[in-house]
Amino acid sequence: MKILGIETSCDETAAAIVEDGRHLLANVIASSVKEQALYGGVVPEIASRRHIESISMVAQKALDDAGLAPEQLAGIAVTYAPGLIGALLVGVNFAKGLAFAAQKPLIPVHHLRGHIAALYLTHPGLQPPFLCLVASGGHCHFVQVNSTTSFAVLGRTVDDAAGEAFDKVARTLGLGYPGGPAVSKAAQTGSPTAYKLPTPHVEGPYNVSFSGLKTAVLNVANNAKMKNEPLDIPGLAASFEHKVADILATKLAAAARDTGATTLCLAGGVAANTLLRQKVQQQADLLGAELCLPKLAFCGDNAAMIAAQGYFELQAGHTSGWNLNGYATMPIEENYSDITL
């Protein structure tokens, strides 16, 4: 069963084709990240315009790469939430038109469910239940994956997401955008003990907070500037990166101990962070749990993960009519069929 996935939730315009939820046939991405970097972050209006310019091209290339016509697909899957609303609407409306023309089911896919489904592409034998940390520029969730379409959020960020904090720290230190890779690169030559940064207190055993940590980095940089003292940028980057990785790995391990999870997973853009992967691996080894990590190509936003999850949503009967809309926010637990339109 071959599914075409469409992803336009942020600044990547992507289309991919996946067979049976686990086998990649084509994967095409057109990104505006270099243009967004000129402004230090994603400008929603620019992202939407680039999606409009690229969406037909990437979808056609995905079909060509897989050697398929739209009529040979089992369905058209598209990210409908959460994300930048203008960007989402480009993908949703394109998917509507293509599905209508090909007379194929239209499959709404939650963006975070897609990130989790990226694991099935890397580990075709992976089966729920498992515990997954989904960390990206806009999200940070500790998710109990009960089945391919049933999820329970055990904890989340109460303010900034981890990826968002990386972007803001990178801007503070003048390291550029996107912040995650920039901070990691700077941290390679720094000491993680160069600066003593706080571990933010937050209520809830599996919740996290990064706003105070981001502010602490800003204060260190501002104090050094006001006192005309040198700032150890690699050391501050390393101290911040280690603190974030420690917080996330520790919370994931705590959730695993309390739930008895024997399989741990990472997903989302921050799952590409080498240090986080190492620290989660250490925690998994201590727990005697299996750790499943997505390929780096599937960590950032892509349509392969949307096509993969689209297969499972179609199997569960989660399709939509032509009134499908985009939503800037949406709980991962909620199925589209349960939404009151």
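## Close-up views of a predicted model

View 1. Strand 1 (residues 2–7) and strand 4 run parallel and are joined by four bridges. The sheet to which these strands belong is open and has five strands in the order 3-2-1-4-5, with mixed pairing. Its edges are formed by strand 3 (23–31) and strand 5 (106–110), each of which pairs on one side only, and the twist from one strand to the next averages 20°.

**View 2. Helix 4 over the sheet and against helix 10.** Helix 4 lies across strand 1, strand 2 (12–19), strand 3, strand 4 and strand 5, and its direction makes an angle of about 95° with strand 5. Helix 4 (residues 111–122) also packs with helix 10, the axes being 7 Å apart and at an angle of about 95°, which makes helix 4 roughly perpendicular to helix 10. On the helix 4 side the contact includes His111, Arg113, Tyr120 and Leu121, and on the helix 10 side it includes Met305, Ile306, Phe312 and Glu313. The residues of this contact divide into nine nonpolar, four polar and two charged. Tyr120 and Phe312 also belong to one aromatic cluster, together with Phe130 and Tyr311.

**View 3. The aromatic pair of tyrosine 80 and tyrosine 336.** Seven aromatic pairs are found in a search of the whole structure. In the pair of tyrosine 80 and tyrosine 336, the ring centres are 5.2 Å apart and the planes stand at 85°, so the arrangement is edge-to-face. Because tyrosine 80 lies in strand 4 (residues 75–81) and tyrosine 336 in the segment after helix 10 (304–315), the pair ties together parts that are 256 residues apart in sequence. Tyrosine 80 is buried, its relative accessible area being 2%, and tyrosine 336 likewise counts as buried, with a relative accessibility of 9%.

**View 4. The aromatic pair of phenylalanine 166 and phenylalanine 240.** Phenylalanine 166 and phenylalanine 240 form an edge-to-face aromatic pair, with 5.1 Å from centre to centre and 80° between the planes. Phenylalanine 166 belongs to helix 5 (residues 162–172) and phenylalanine 240 to helix 8 (residues 233–259), so that this pair ties together parts lying 74 residues apart in sequence. Phenylalanine 166 counts as buried at 4% relative accessibility, and phenylalanine 240 counts as buried at 0%.

Note on methods: Residues numbered from 1 in each chain as written. Predicted model: local features only at pLDDT ≥ 70, side-chain atom pairs only at ≥ 80, totals over all residues. Heavy atoms only, no water. Phe/Tyr/Trp six-rings, centres within 6.5 Å; stacked < 30°, edge-to-face > 60°. Helix = DSSP H or I, 4+ residues; strand = E, 2+ residues; numbered from the N terminus. Buried < 20%, exposed > 50% of the residue type's maximum accessible area, 1.4 Å probe, protein only. Axes fitted to C-alpha atoms, helices over the stretch in contact; angles between N-to-C directions. Parallel < 35°, antiparallel > 145°, perpendicular 65-115°, else oblique. Contact = heavy atoms within 4.5 Å. Nonpolar A, V, L, I, M, F, W, Y, C, P; charged D, E, K, R; others polar. Pairing = 2+ DSSP bridges.
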